[in-house]
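Please look over the sequence and the model below before reading on.

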Amino acid sequence: MSLLPFVQWLANTPGSTALHESVYAYPLVESAHVLTLCIFLGLAVMFDLRLLGITLTTVPMSQLKQRLGPWMTAGFIVMVITGAMLFYAIPVRSYQSVWFRTKAVALVLAGLNAFVFHRTIDRRIEEWDRDPVPPRAARRAGARSLVLWTVIVVCGRMIAYNWFDCDKQPQPRIVNALAGCVVPPEEGR
Amino acid sequence: MLLPFFRWMETTTMSQAIAMSPWAFAVIESMHLLALGVIGGAVLMLDLRLLGLGLRDQPVERVARDAHPWLVSSLIVMLVTGVLLFSSEPIKCYYSIPFWVKMWSLLLAMIFAFTIRRKVALAGEGRVKPVWLKVVAIVSLTLWFGVGAGGRWIGFSV
């Protein structure tokens, strides 16, 4: 199933056009998206590094969760709202971007990783709360999170570049397939 | 006054190589952005603590000592990648107001972070009045915000 008709409809809504063509609103939203990275990702990195037993080793894990959790949540909410607005401003191109799609997959995986962490090793946090180096399952969750967020940030930045855009044909067949480009068969390489 | 330096910068091999490459700028920019995340966390963790927020059950000194290596290492990555990004388009930067906002903020932020802020954070429990800790945190956050916002705005042509 393709979401193309939906994003095409989205692109034609007045709000999308207004945001896309705005002189200040779009850059402001994008700046907010990038700078909130410092709040959400910055603290998430510290959290993951603590899970790996690399920093804040004397701080109990539960304290980190309790004290930094609300800031991370707040930052995340701002990132999601501003991110959705950025998508809303440029729906079709974003939807057909290999970078955006990779980012979306990595986001889902990061969410899954966090979910599994909370459902498993985090349930027994009192057993390892004060351990300078948390158990292997926790360290793995931290490492996976760092890798996934690196992918998310890099892909997010790359969305701005048009190397693999659908309107830049010919593209390798794999790019057209991954991006969901609609191209006549003879144009695909 | 600095224009000749910026002009010379543009003629260097490094500058040309980055400017000519279709992907070099994007890759360096991504590294710059990843380091931004780390520096953001390192700065914020201590500034929140100075404000009496975040890790407030921990002594300020503890948070400062844990955050410091991450501040220094991410700052190094930021500076190296930042110089590379700058070198690929020095003339654009020279005429960019956000660039100069960023440079002045950066200079002040770095001086502040390694002098007053560090001294205050390591002073030990009760040696500095809480209100001054808060002032230090707000100055720090304001300066680093100037660096980040200026940096992002170099890329916009408004």
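What follows is a short briefing, grouped by topic.

This is a predicted model, in which local features need pLDDT of at least 70 and side-chain atom pairs count only at pLDDT 80 or more, while totals for chains, interfaces and linings use all residues. Residues are numbered from 1 along each chain as its sequence is written, and chains are lettered from A in the order in which they are written.

**Chain B as a whole**

- Chain B holds 7 helices and 0 strands, where helices are DSSP runs of H or I with at least four residues and strands are runs of E with at least two, numbered from the N terminus.
- The C-alpha trace of chain B spans about 55 × 30 × 25 Å along its principal axes, and 39% of its 158 residues count as buried, a term that asks for 20 or more other C-beta atoms within 10 Å of the residue's own, with C-beta atoms placed from the backbone.
- Among contacts in chain B with a separation of 6 or more, 77% join residues 24 or more positions apart, a contact being a pair of residues whose C-beta atoms, placed from the backbone, lie within 7 Å.

**Where the chains meet**

- On the two sides, 26 residues of chain B are in contact with 28 residues of chain A.
- Helix 3 (24-50), helix 4 (60-88) and helix 7 (130-154) of chain B are the elements that give two or more residues to its side, and the largest share, 12 residues, comes from helix 3 of chain B.
- By class, this side of chain B has 13 nonpolar, 7 polar and 6 charged residues, with Ala, Val, Leu, Ile, Met, Phe, Trp, Tyr, Cys and Pro counted as nonpolar, Asp, Glu, Lys and Arg as charged, and the others, Gly among them, as polar.

**Helix 3 of chain A**

- Helix 3 of chain A (residues 25-51) has 27 residues and should span 39 Å at 1.5 Å a residue, which agrees with the 38 Å between its end C-alpha atoms; the expected span is 1.5 Å times one less than the number of residues.
- Because 20 of its 27 residues are buried, helix 3 of chain A is largely enclosed by the rest of the structure.
- A kink of about 30° in this helix is centred on A:Leu37, the bend being the angle between axes fitted to the seven residues ending there and the seven starting there.
- Just after helix 3 of chain A, A:Gly53 takes a positive phi of about 75°.

**A:Val7**

- A:Val7 lies in helix 1 (residues 4-11) of chain A and is buried, with 20 other C-beta atoms within 10 Å.
- Apart from neighbours within four places in sequence, A:Val7 is in contact with A:Pro91, A:Val92 and A:Tyr95.

Conventions:
A residue is buried if 20 or more other C-beta atoms lie within 10 Å of its own, exposed if 12 or fewer, and partly exposed in between; C-beta atoms are placed from the backbone.
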